[in-house]
Amino acid sequence: MTIGESFEYYAFIVIFNLLDAVVPKVPSSNEVILEINAGVGGQEAMLFAKSLYDMYCGFINYKKWCITTEEVGVSDLGGLRHASIFIEGHHASTYLKQESGVHRVQRVPSTEKAGRIHTSTATVIVLPQPTEIDVKLNSKDLIIETKRSSGAGGQHVNKTESAVRITHLPTKISVECQTDRSQIRNKEIAFQKLRAKIYELQEREQNTTSTLSRKLQMGTSARSDKVRTYNFPQDRITDHRILKTMHNIPEFLEGGEMLEELITELILESNKARFEQFMLSLKEKDFYSFLEKTFAH
């Protein structure tokens, strides 16, 4: 390396570190709620939702995170109508928010006698868990209802009003929980879900007014966006955001190294977009004035 090349290299490192210090960071949380909902496709969509649920449970174990609470709605054939997983782990939201969106599967269902390929979907939603300081709830804005739990559970289900439903009047957001036999515990979980959904709404409203934030958060794209396709006949996984194709679906669905590799590439691409958009924004303002204000304190 020549002296000139050396200078350019170290100048690049200095500029990179400087930009990393001043470019707006995407908020990260160690506590998130991961929701999986079966989409289009009936029972096959529910079976696919169960596959995604198993994949994320495998990834949580792979990352040595922990699951604090689970709420699962099982279908008759062993699939999932919906599932909510409360997760705690280092930078959990940074990784998992890359999974937000519509996941599509193309395969021959076990119930298909003619051998036709069906297309089904499942939606993944990742909600960072805010604190009570981030989202303040006034009792006058809430309607709290209790009811008897539905589903399996024997005599306890029929006799105990343990299920809780909370409606937030200003936003019209409504959540319910019947995970636990205790009404008190279900109420705590429902409040957690409500805060997370209100926080997501506030973030989404803020992002729509900021082009920079909107482009940086790849993992929080609109839920109608198709983010990934799992094509079983071709044994192919395609992530449509970075146009990356991988093979070996069974290993990918284990939620281990292959999934982490793809998520890491999505994070890197998101960071790249963060720097590019920041540099473009500097054209609209005085760079030195911006640095002066940034380091004023």
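This is a predicted model: local features need pLDDT of at least 70, side-chain atom pairs count only at pLDDT 80 or more; totals for chains, interfaces and linings use all residues.
**Confidence**

Start by colouring the chain by pLDDT. The mean for the protein is 79, and 73% of its residues reach 70 or more. Then select residues 153-158, where pLDDT stays under 50. For this stretch the model has eight contacts beyond four places in sequence. Next select residues 209-224, where pLDDT also stays under 50; here the model has 37 contacts beyond four places in sequence.

**The sheet**

Show the strands as a cartoon. Eight of them form an open sheet with mixed pairing, and the order to follow across it is β2-β3-β1-β5-β4-β9-β10-β11. Select residues 66-74 for β2 and 244-247 for β11: these two strands stand at the edges. Each has a single partner strand, so one side of each is left without a neighbour in the sheet. From one strand to the next, the twist averages 15°.

Now go to β1, residues 31-38, and β5, residues 118-128. The two run antiparallel and are joined by seven bridges.

**The largest core**

Hide the cartoon and show side chains. The largest nonpolar core has 35 residues. Select Leu-52, Met-55, Tyr-56, Trp-65, Ile-87, Tyr-230 and Phe-252, which have the most contacts inside this core. At least two core residues each come from β1, α2 (42-62), β3 (80-88), α3 (92-96), β5, α7 (249-252) and α8 (257-282). Of these elements, α2 gives the largest share, with eight residues. In soluble globular proteins, nonpolar side chains tend to be buried together.

Centre the view on Tyr-230. Leaving out residues up to four places away in sequence, Tyr-230 touches a set that includes Phe-48, Leu-52 and Met-55. Also among its contacts are His-103, Arg-104, Val-105 and Gln-106. Arg-236, Ile-237, Ile-249, Phe-252 and Leu-253 complete the list.

**The second core**

Select Val-175, Cys-177, Tyr-199 and Leu-201. They belong to a second, separate core of 19 residues.

**Cysteines**

Are Cys-57 and Cys-66 buried or partly exposed? Cys-57 has 22% relative accessibility and therefore counts as partly exposed, since buried means under 20%. Cys-66, at a relative accessible area of 36%, is partly exposed as well. The structure holds zero disulfides.

Definitions and conventions
Residues are numbered from 1 along each chain as its sequence is written. Side-chain values use heavy atoms; hydrogens and water are left out. Two strands pair if DSSP finds at least two bridges between them. Helices (H or I, at least four residues) and strands (E, at least two) are DSSP runs, numbered from the N terminus. Axes are lines fitted to C-alpha atoms, for helices over the stretch in contact, and angles run from 0 to 180 degrees between N-to-C directions. A nonpolar core is a set of buried Ala, Val, Leu, Ile, Met, Phe, Trp, Tyr and Cys residues joined through side-chain atoms within 4.5 Å. Buried means under 20% relative accessible area, exposed over 50%, partly exposed in between (1.4 Å probe, protein chains only). Contact means heavy atoms within 4.5 Å. pLDDT is the predictor's confidence in each residue, from 0 to 100. A disulfide is a pair of cysteine sulfur atoms within 2.5 Å.
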